[in-house]
Amino acid sequence: MGLGFVDCHCHLSDPDFDSDLDDVLEKAKKANIMALVAVAEHSGEFEKIMQLSERYTGFILPCLGIHPVQGLSPENQRSVTLKDLDVALPIIEKYKDRLLAIGEVGLDFSPRFAGTDEQKEEQRQVLIRQVQLAKRLNLPLNVHSRSAGRPTISLLREQGADNVLLHAFDGRPAVAMEGVSAGYFFSIPPSIIRSGQKQKLVKQLPLTSICLETDSPALGPEKQTRNEPCNLCISAQYVAQVKGIPVAEVMDVTTQNALRLFPRLQTLLSPAGGSTWENKCL
C-alpha cells in the first residue's frame, strides 16, 4: 500500500462542504491524503456520514458517536443528555460493522455548556456508555476534551479504554503525557501555527504518539476561515519543523500511528492507496 497522510478527524458532513465537496476531496488527494476519518457530532448526521463513506468508499471512513455539546445552531447549543444517546445507539448498532471508530465523543466543560455539576455528570455518563459500546464492538474512540483534558483522560483510563485518539487536545503537556503513558494518540490540527499551547504540546509529545487531523471546517491556519483536509500539510510541516525531521518521516510515522490506532483502516482503504496521487506536500 502506497503511504499517504491520514486526516484522523474531520467533519465532512458539515453543511460548509455541501456545495463543493468533490473539489475539496480532489484537493485532499493532490495533497497526498489517502484517508479521511469523518466524525459525527449528533445522530442527525449519521446517515449522511454513512452515505458519504459509500459514495467515496475507501477514502472517507466513518465514525459515529455523540459529542458532549448538542444543538445544530450555535445559539441553540447545549450539554448532551442521555436521551440524545438513546436516539443514537440503534443507528450506531445498525452500522457497527462498517465503522472505523466511535466518535466524536468526550467531555466539554466550557462554562457555557457545562455550568453545573449535573451537566458534567451527565456528560460523563454519556461518555462512559460510549466507551463501553466501543469496547463491546472492539472499536477505537475519537475523543473531544475541551476544557476537560485531565477529567477525560482519567475517565478513559478508569473505564479501560485502550485505543484512543485525543483530538485537538487543549490541556497542558504534563496532562497529555498521562495519556501518552496510557498508550493514547494525539492528533494535531493546522491551527497549531497560531496556538502556543499546541506548539508546546508537540514539543513534548513523542512522534510515536502523534497523528494528524484538520477538524475541518474548524481549526484552520486562519481564524474564521473554512478549514479543509488539504491543510493537513500545514500540521505535518509544523511537526517536522519542531522535531527537526523531514516531512516524509512525519507522514510515515503518523500514518503508521493511525494504522495502529484504527485497526480497520488497512481493510477499509481503497486498493489504490495513496501512491497514485501527486505528492504536493513533501
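1. Leu107 stands opposite Ser145 in β7.

2. On provenance, this is a predicted model, in which local features need pLDDT of at least 70 and side-chain atom pairs count only at pLDDT 80 or more, while totals for chains, interfaces and linings use all residues. Residues are numbered from 1 along each chain as its sequence is written, and side-chain values use heavy atoms, with hydrogens and water left out.

3. The open sheet consists of eight strands in the order β1-β2-β3-β6-β7-β8-β9-β10, with parallel pairing; strands (E, at least two residues) and helices (H or I, at least four) are DSSP runs numbered from the N terminus. At the edges are β1 (5–10) and β10 (210–212), each of which pairs on one side only. From one strand to the next, the twist averages 30 degrees, angles running from 0 to 180 degrees between the N-to-C directions of axes that are lines fitted to C-alpha atoms, for helices over the stretch in contact.

4. Helix α5 (residues 149–158) packs on the sheet, where it touches β6, β7 and β8 (164–167), and its direction makes about 150 degrees with that of β7; contact here means heavy atoms within 4.5 Å.

5. In helix α1 (residues 21–30), the residues Leu21, Val24, Leu25 and Ala28 are buried, that is, under 20% relative accessible area with a 1.4 Å probe and protein chains only. Seen down the axis of α1, these buried residues fall within an arc of 95 degrees, so they line one face of the helix; the arc is that of the directions from the helix axis to the C-beta atoms. The buried residues of α1 pack against β2 (33–38), α2 (46–55) and β3 (60–64).

6. Gln130, found in helix α4 (residues 117–137), counts as buried because its relative accessibility is 0%. Leaving aside residues up to four places away in sequence, Gln130 touches Gly65, Ile66, Leu85, Ile102, Val105 and Leu141.

7. A last point concerns strand β4 (69–70) and strand β7, each of which supplies at least two residues of the lining of the largest pocket.

Conventions:
Buried means under 20% relative accessible area, exposed over 50%, partly exposed in between (1.4 Å probe, protein chains only). Two strands pair if DSSP finds at least two bridges between them.
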